[in-house]
Amino acid sequence: MSTMSGKSAVVAAGAKNLGGLISTTLATHGVNIAVHYNSDGSEVDADKTVAAVRAAGAEAIKVQGDLTVPANVAALFDAAVDAFGGVDYAVNTVGKVLRKPILETLEAEYDSMFDINAKSAYFFLQQAGKRLNDNGSVVTIVTALLGAFTDGYSTYAGSKSPVEHFSRAAAKEFGTRGINVNSVAPGPMDTPFFYPQETPERVEFHKSQGMGNRLTQIEDIAPLVVFLLDGGHWITGQTLFANGGYTTR
């Protein structure tokens, strides 16, 4: 039996793509999952993920909410505690990508990017610190662009970069209760969020920068997240770049 069996997790944006795979992977270890989703359009995916978690033998609930509103983040953790009696793991895969030159970026776009990528991450960490059981774990997905020197992604990399600092502070503050806090920085991922931002030529360039001439797959990232929650618990306050050699520092 897995050492994770019987524990519970909140997975923000846990209905599909990377979040969905993390949810179902944790379920195979016996972890109960609160599957968060944002829009009505993602509810079908949330239902499928909940069904997959239950098919793996774990319990699951779905919780909708706009996590740029701190009260909704609190409600997500409340729902998980009510359903499972407590929460051990908190994984935040929420993110929004925008590729746009600085000279063309609108204030509304800036505000949206920082609300989704930074503000929601901050208050997710806050609720995790309040609600996680002792010796719990928190992981936030950031981006390998934090180690890049490139154009176009000022608001994306810029709004993900504060999460490193949030996570380091949280690691120190929550570490007294044995909670580890980390960020994982994937390379450009082969998901529907990536392609609308890029030309075919740039997609090929991104592929050429990683091992095997390919993009990062969600299957590359989910096992690392699970490791940080369990066997890698001694790792804390770090940003782990998992990108096939795409960028480094």
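Contact here means heavy atoms within 4.5 Å. This is a predicted model, where local features need pLDDT of at least 70, side-chain atom pairs count only at pLDDT 80 or more, and totals for chains, interfaces and linings use all residues. Residues are numbered from 1 along each chain as its sequence is written, and side-chain values use heavy atoms, with hydrogens and water left out.

**The helix**
- α4 covers residues 107-131 and reaches 34 Å from first to last C-alpha, close to the 36 Å expected (1.5 Å times one less than its number of residues).
- A kink of about 40° is centred on Asp115 (the angle between axes fitted to the seven residues ending there and the seven starting there).

- Seven strands form an open sheet in the order β3-β2-β1-β4-β5-β6-β7, with parallel pairing (strands pair if DSSP finds at least two bridges between them).
- β3 (60-64) and β7 (239-242) are the edge strands, each pairing on one side only.
- Four parallel bridges join β1 and β4; Ala9 has Tyr89 in β4 as its bridge partner.

**Helices on the sheet**
- α4 packs on the sheet, touching β1, β4, β5 and β6, and its direction makes about 165° with that of β5 (axes are lines fitted to C-alpha atoms, for helices over the stretch in contact, with angles from 0 to 180 degrees between N-to-C directions).
- α5 lies across β5, β6 and β7, at about 160° to β6.
- Helices (H or I, at least four residues) and strands (E, at least two) are DSSP runs, numbered from the N terminus.
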